Structure formats: C-alpha cells, structure tokens
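Hi everyone, thanks for coming. Let me put the structure up on the screen, and then we'll walk through a few spots together.

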2 protein chains.
Amino acid sequence: MNFSSKLLENAVNEFGNLPGIGKKTALRLVLHLLKESKEDVDTFASSIITLKNNIKYCKTCHNISDFDICEICNSFKRDHSLICVVEDTRDVMAIENTNQYNGLYHVLNGLISPMDGVGPADLMIDSLVERIKNQEVKEIIFALSATMEGDTTIFYLHKKLKDFNLKISTLARGIAFGGEIEYADEITLGRSITTRVPYENTLNK
Amino acid sequence: MNFSSKLLENAVNEFGNLPGIGKKTALRLVLHLLKESKEDVDTFASSIITLKNNIKYCKTCHNISDFDICEICNSFKRDHSLICVVEDTRDVMAIENTNQYNGLYHVLNGLISPMDGVGPADLMIDSLVERIKNQEVKEIIFALSATMEGDTTIFYLHKKLKDFNLKISTLARGIAFGGEIEYADEITLGRSITTRVPYENTLNK
C-alpha cells in the first residue's frame, strides 16, 4: 500500500496486527475513527488502556473481573460444590448465556498445546487442584473444545484429579439441536449412534 | 452478553462501534489486546490518538498528508495539468497502486448523497473550481464509484465545470480483466456491447 502519511501507515499497521483484521479492513477502521470527533477517539483509545491497566482476574476462578473475587465466586446463590473448567472468559460468557448452569467456574487460560508451546505449567491447573483440596467440591465438568488440544487437556486433568472423591463429567456430544442428519459430520453422527440415549430420557428435559 | 467486568464491557462496546465489527469480533480483539504487553497496548492506543491529533490534509488536494502540501502535489515529476477527482484517500491509494497515473488528485471527501444528508456544500467542490481557475488544468478525470451517489456527483460536477476549457473524462466501464462473460451483470454486459471498442485499440495497451 502507498500511504500518503506515515502517521496513517503507523495506525493502519497497528490495527492490522489484530487477529482477523487485514490491511484493507485496518485502513477502513482507521479512516472511520479519523472522521469521529477528537473526544470519541480519546474515549476509544482510553477504553482499552483503562482495561489493560485496571483489569483484575478473580483470585479463585481466574475469570476477568473488576474485583479480587468475581461476582460468580462471591454469590451465595451459586452451587459451590460444582466447578466447570473452561478455556477462557468467552466460554464463561457463553455458558452464562444459556441460563442452565448454577455452579462455579475455573478458567484455565488456554489449553495444552505442544505445537504452540503451551504446557500444563502455563495453565491454571495447580490452583484448580488447590480448590478441590480446600473446598468441598462434588463435581467437575470439563467444558473444553472438542479439539485435539481440548482432549489432551481433559486427559491430563483427568489423570491429576481421578484420585479425588469427585464426579468428573464432560459436555454431551452429539447432533446439535436444529441440526440435520445429512449435514452432520461422520464422527459426530457415528458417535451419536453408539452413545444413543433412551427416548424417555429426552422427555424430561 | 453477560460481561464479568464493566471495563471489559466498555472496551468491547467501543470496538463494536467500528464499522463491520460485531460484538463477538470486538470481544476477540479486546481479549487479544489484553494478552499483549502493556507497552504494546499503549503503542496501539497512541497510534490512533497521534494520528487524530497530528493529521493534516493537503491544502491543495485535501488528501491525508503529514505536510501542508502533500508529496504528490509537491512533486515536479507529476503532470500538474491533469486532476483525478476521487471520493477519499483510499481511492488515491488504489490508483497509485496501479502505477498507471502520473497526474494530481482532488479528494472530494465524500459523494453527494441526499439520503445521507450530504450535499455539494459538504464536499471539496469549491476548492476544485478554484484550482481549475488558478492552475493550468487541461483535463479532469472523474474516478468515482459507479453508484447512484457517484453518478449524481459526476452530473453535478460536470454542470459546474463544463464552461471551462477542459477535457472531462470518466473511468472506462466494462467487463473486468479476467472476468467471465457469463458471470457479468446484465447492465455491465449490455453497456460493454453498446460501447464496444475497435479491436486494434486494445492492442497498443
């Protein structure tokens, strides 16, 4: 790209470093911000700086929070004997949006991925073991992605936790609601046949 | 979305206000920046603030520039008798990338669009007329989008400029290079038949 201004080029390069944002999109975003008022641009820029400078992570579950202990971990209405293990804060938000879960969370901050150089020591695994030792936890739910990295992480965690007196479960896998059989991938369809459930069990949902 | 942090929600809303960026993408971008170092986040934020505070527009052609008169307008190598009228700085960059044009530009900063409340007075039209009066301009090229707004703007500009002793031209319209006939839209295909060119003219390209 031939930029007519070094300052413009600099800003476009910064935006272009964001994931999924190419040079053309970056240019569109920067030109959009240039048309906004100075106050709006300041508000935009300071929102991310304020976040970076003041962000806290819950000391118990490591979710992003404005407080030392997050609202979920602090709530008396939640079931403290149930911990759902997730990859990051987006998964917490996704599960909270379902309104189907009333336990606590534990954010690992990633998944084991030797290809990306992420090992167990990089994740919040020790503090999960500590929580299980010190709190009265009855069940752990692994809500991790159905990928190689997710499965590896579950395998590792299971080995670490299997000697505790705990129920360990993972998310149900199968055909999505609204999903059409003919478009389901073979592995999912095959597994959902071998792990079929009695029809009566689906009625009391 | 259920945000676990007001600061996070605030930053996501700011990013979500950018054109073409939805809430989910905004969250992904913000979480990406959160993982970066404090210096990198400062560099990102200050790049757009510095741009906004120090941006200049060329006093002649109104293109974004670091100087009062942009490098193109200041260049002795360019043909100063030729002005290409464009909508915004992105069009200047696109045309510069072709390496096929050696004249000057005039950035209108928009197109006439009554639907969006943009009239001729909102565009840099008067200064274009001034340039034509004061400089020795031989030809004006309208390089505006082939849309309703573009055509309206060309129509208006043509009326304003037709009494000057000027050659006025627009971009050639037709089937794109590499374009397949069967996928061309009807208007383009129909027009490219009625405005067909002698085969010999295409050989000296």
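So, to start: the side chains of which two residues meet in a salt bridge at 3.7 Å, N to O? They are A:Lys6 and A:Glu9. By salt bridge I mean a side-chain nitrogen of Lys or Arg within 4 Å of a carboxyl oxygen of Asp or Glu.

Quick housekeeping. This is a predicted model, where local features need pLDDT of at least 70, side-chain atom pairs count only at pLDDT 80 or more, and totals for chains, interfaces and linings use all residues. Residues are numbered from 1 along each chain as its sequence is written, chains are lettered from A and ligands numbered from 1 in the order in which they are written, and side-chain values use heavy atoms, with hydrogens and water left out.

Back to our pair. A:Lys6 and A:Glu9 both sit in helix α1 of chain A, three residues apart, about one turn of the helix. Helices here are DSSP runs of H or I with at least four residues, strands are runs of E with at least two, and both are numbered from the N terminus. A:Lys6 is exposed at 62% relative accessible area, while A:Glu9 is partly exposed at 26%. The cut-offs: buried is under 20%, exposed is over 50%, and partly exposed is in between, using a 1.4 Å probe and protein chains only.

Now look just before that helix. A:Ser5 lies in the segment before α1 (6–16) and is buried, at 2%. A:Ser5 caps the N-terminal end of α1(A), with a side-chain oxygen 3.3 Å from the backbone nitrogen of A:Leu7. Leaving aside neighbours within four places in sequence, A:Ser5 is in contact (heavy atoms within 4.5 Å) with B:Ile55, B:Ile64, B:Ser65 and B:Asp66.

Which residues of α1(A) are buried? A:Leu8, A:Ala11, A:Val12, A:Glu14 and A:Phe15. They cover an arc of only 160° around the axis, so they are on the same side of α1(A); that arc is taken from the directions from the helix axis to the C-beta atoms. Their cover includes α2 (23–35) and α3 (38–54) of chain A, plus α3 (38–54) and β2 (64–65) of chain B.

That brings us to the interface. Chains A and B bury about 5,100 Å² between them, 70% of it on carbon and sulfur atoms. Buried area is the accessible area (1.4 Å probe) that two parts lose on being put together, summed over both. A:Leu34, A:Lys52 and A:Met93 supply 13% of what chain A buries against chain B, more than any other three residues.

A:Asp126 is exposed at 56%, and A:Lys160 is partly exposed at 37%.

Last one: A:Glu139 and A:Lys167 also form a salt bridge, 3.9 Å from N to O. Here strand β5 (residues 139–142) is linked to strand β6 (residues 167–170), the two residues being 28 apart. A:Glu139 is buried at 18%, whereas A:Lys167 is exposed at 52%.

How values were computed: Polar contact = N/O pair within 3.5 Å; in protein donor to acceptor, adjacent residues only side chain to side chain.
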